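Open the model in your viewer and keep the sequence panel beside it. We will go stop by stop, selecting a few residues each time.

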Amino acid sequence: MIDEATFMDEVEAMERALYRVSRSLLKSPEDCADAVQEALTRAWQKQHTLRSPSRFRPWLMKILVNTCRDILRQRQKIRFVPLEEQMLPTEPPAEPLPLRECIDQLRPEWRITVLLYYLEGFSVAEIADTLGVPQGTVKTRLMKARARLSVLLREDWEEGEQ
């Protein structure tokens with residue numbers, strides 16, 4: 001079991017990562033904030049299930065991913081299109097997209113894998129544990145995401161030169 005001070009220190013160190021990961025799965029900033037808050041509440045309530053304090057990061061990230069999935073399931077029951085999305089231009093932007101926007105275009109399962117691996121420094125094994133998939137699936141998702149990012153970035157670069 002982890003004490004309150006250690007819990008708060010670990011959470012504070014992970015705060016940006018928690019929001020980045022929730023943002024990769026959920027589009028709404030409000031949903032992201034809700035997911036992080038709910039995940040922290042669940043983690044505190046389930047702290048007795050943490051077997052090793054050294055596994056805190058993957059353990060908390062798994063709780064966050066599951067919380068985001070719960071929110072997505074709830075949102076699928078209520079479908080709406082925000083006004084901003086209805087007003088988006090139909091033409092692609094004239095300037096190349098930054099890497100973050102290209103990452104946002106990836107499938108959700110590829111996007112979360114890329115963020116955990118490259119931005120948060122999780123190992124393939126930790127990602128597999130966090131997402132509840134085999135390590136081979138994580139490697140395949142990384143490979144496919146890299147290939148897709150290469151295409152997106154190349155297209156954006158070529159369009160930017162014209």
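Select helix H1 (residues 4–25) and helix H2 (residues 29–45). They pack at an angle of about 150°, with their axes 10 Å apart. The axes are lines fitted to C-alpha atoms, for helices over the stretch in contact, and the angles run from 0 to 180 degrees between N-to-C directions. H1 and H2 are therefore roughly antiparallel to each other. That label follows set limits: under 35 degrees is roughly parallel, over 145 roughly antiparallel, 65 to 115 roughly perpendicular, and the rest oblique. The crossing of H1 and H2 is right-handed. For handedness, ask how the near helix is turned from the far one: anticlockwise by less than a right angle is left-handed, clockwise is right-handed.

A word on the model before you move on. It is predicted, so local features need pLDDT of at least 70 and side-chain atom pairs count only at pLDDT 80 or more, while totals for chains, interfaces and linings use all residues. Residues are numbered from 1 along each chain as its sequence is written, and side-chain values use heavy atoms, with hydrogens and water left out.

Now zoom out and show the whole chain. How many helices and strands are there? The chain has 8 helices and 0 strands. Helices (H or I, at least four residues) and strands (E, at least two) are DSSP runs, numbered from the N terminus. Of the 162 residues, 35% count as buried. Buried means under 20% relative accessible area, exposed over 50%, and partly exposed in between (1.4 Å probe, protein chains only).

At what angle do H1 and H6 pack? The angle is about 160°, and the axes are 8 Å apart. That makes H1 roughly antiparallel to H6. Their crossing is right-handed.

Click Pro108, which is found in H6. It is partly exposed, with a relative accessible area of 40%. Now click Ser24. Pro108 and Ser24 are 84 residues apart in sequence, yet 7.0 Å apart in space, C-alpha to C-alpha.

Leu119 is partly exposed at 45% relative accessible area.

Next, show H7 (residues 124–131) beside H6. Their axes come within 10 Å and cross at roughly 140°. That makes H6 oblique to H7.

Stay with Asp129 and show its side chain. Which residue meets Asp129 in a salt bridge of 3.0 Å, N to O? Arg55 does. A salt bridge is a side-chain nitrogen of Lys or Arg within 4 Å of a carboxyl oxygen of Asp or Glu. Asp129 lies in H7 and Arg55 in the loop between H2 and H3 (56–77), so the pair ties together parts 74 residues apart in sequence. Asp129 also forms a salt bridge with Lys62, at 3.9 Å between the closest N and O atoms.

Last stop: select Glu38, Arg42, Asp70 and Arg73, which are linked in a network of salt bridges. The whole structure holds 7 salt bridges.
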